[in-house]
Amino acid sequence: MRILFAGDEHPYSAQALKKVIELARHTWADVTLLSVLPAQASAQGEFLLPTQDLRVQALRRYREEFLENLGSSDSPYALERWGHEWIPLRNGIWEEIKVCRGVKKDVKVRIRSGNADTEILNEAEKDGSDLIVLGCGKGGQCGWESSAAAPRKVAGNAACSVLLAKEDKPIRRILACIDQISVSQESLEMINQLVTIHDAQLELIGLTHDGAAKSEAYTRLIQIGDYYSDKGIPVKTRLAELSKFEAVISTDTGQDLLAFWMGKKSLLTLLFPRDWVERFVGVCQSSVLVLR
Amino acid sequence: MTSDQKTTVLLLDDEPIVCKRLKPSLEKAGYDVEAFTKSREAMHRLTEKEFDIAITDLKMDGMDGMAFLTEVKKRHPATEVIVITGFATMETAKESYQKGVFDFVAKPFKLGEILEVVKKAEAKHRPS
């Protein structure tokens, strides 16, 4: 598994990092910690890293916190593998430097510059991320201080699953909502993993509209329930009417994680006609997992 | 073993969709792959052939992946074993390494990731 953590210097990013640490502790995933600085041009086309920038300093703290938690000698991230690597300085110039890597797994720390959501999505695509984790403000905007729309845009446009961590609470129950037929194997495995790591209960909710469930979606709900049951994961299933759904997700659901299988033909487009993924994650009070 | 012989891979996962996804990708990358969904059948095949690399799920009916890993290392210590699992925990990861696993990969993963791990296992198994 490859996890991309994208954060800035604010407390919501620090609390999202805790989710990443917990995931990495159990999955031994390859982790990238990323921050995005505003695009800047410098003389001769070289990007000069502003090391005093609060985001750069926060990234350092996040790496230190990650390794404090997971860098012990029996950890796959323990920095014990010394070697030399060639680092590009600028066009046609390389320097060989001594580096220390994790004994089995790496935690990479990267800075990109440009538009926050664009750069996060680019990094996820380039790195082959399976999960992007971001924090965001808990209010209706679900935004970042310096780039209000970034978390919502990442959730709406990522090719992989996205975990928007809105609160620092343990996850005791995963409410996984489905209203479409196509569900990827990767998304089933992601839920599986989160249930295992958090020892959480799993509840599948099939969304209906005006009392009628699409028969295929209902069949899929049962099939997914059987999938988890066959794996020994206790699962509850129920149907929920779309018109009452917004009221459910806009209240604080305590230690729940709301998970949604997202698709172009989702019933949720009826509730949120435009940019529905982005609006939807904004309305949810709890942390949200957008599954792909 | 000559250098132009393909690296052999045994793939064991009780979910047919996993084998269906991984086998062709590994074959396209040049590996000779035999896939199994039942650990008993995979174990029997191991009595007939030594594979360079074994990829195994952990949670399966019958012989689970941890027991399979133990048996593989007992019969063919040189075989590099890669564990793939949807039930990753710190404890299972540590136990796998204690039993000699080459790598521990939590699901979900992209094909590129598992191919990288297999290449590293191959490099260790057949150092040039």
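In the predicted model, A:Leu204 has A:Thr237 of strand S10(A) as its bridge partner. This pair belongs to the contact between strand S9 (residues 201–208) of chain A and S10(A), where seven bridges join the two strands. The two run parallel. Further along, A:Gly206 stands opposite A:Leu239 in S10(A). Strand S9(A) also pairs with S8(A), again in the parallel sense, over six bridges. Here A:Ile174 has A:Leu202 of S9(A) as its bridge partner. Strands of a sheet pair through backbone hydrogen bonds, either parallel or antiparallel.

These strands are part of an open sheet of 10 strands in chain A. The strand order is S5-S2-S1-S6-S7-S12-S11-S8-S9-S10, and the pairing is mixed. Strand S5 (107–113) and strand S10 (235–241) of chain A form the edges. Each of these edge strands pairs on one side only. Neighbouring strands of the sheet are turned against each other by 20 degrees on average, with direction ignored.

Helix H1 (residues 11–27) of chain A touches strand S1 (2–6), strand S2 (30–37), strand S6 (131–135) and strand S7 (161–165) of chain A. The direction of H1 makes about 145 degrees with that of S6(A). Helix H5 (residues 185–198) of chain A lies across S6, S7, strand S8 (173–178), S9, strand S11 (256–261) and strand S12 (287–291) of chain A. Helix H5 of chain A runs at about 165 degrees to S8(A). In total, chain A holds nine helices and 12 strands.

The domain assignment divides chain A into domain 1 (2–165) and domain 2 (173–291). Contacts between the domains involve 19 residues of domain 1 and 17 residues of domain 2. On the domain 1 side, H1, helix H4 (150–157) and S7 of chain A each supply at least two residues. Strand S7(A) gives the most to this side, with five residues. The residues of the domain 1 side comprise eight nonpolar, six polar and five charged.

Two figures describe chain A as a whole. Buried residues make up 40% of its 292 residues. Among contacts in chain A with a separation of 6 or more, 75% are between residues 24 or more positions apart.

Confidence values accompany the prediction. Chain B averages a pLDDT of 93, and 96% of the residues of chain B score at least 70. For the complex, the predictor gives an ipTM of 0.91 and a pTM of 0.91.

How values were computed. Residues numbered from 1 in each chain as written. Chains lettered and ligands numbered in written order. Predicted model: local features only at pLDDT ≥ 70, side-chain atom pairs only at ≥ 80, totals over all residues. pLDDT = per-residue confidence, 0-100. Pairing = 2+ DSSP bridges. Helix = DSSP H or I, 4+ residues; strand = E, 2+ residues; numbered from the N terminus. Axes fitted to C-alpha atoms, helices over the stretch in contact; angles between N-to-C directions. Contact = placed C-beta atoms within 7 Å. Domains from an automatic or database assignment. Nonpolar A, V, L, I, M, F, W, Y, C, P; charged D, E, K, R; others polar. Buried ≥ 20, exposed ≤ 12 C-beta atoms within 10 Å, placed from the backbone.
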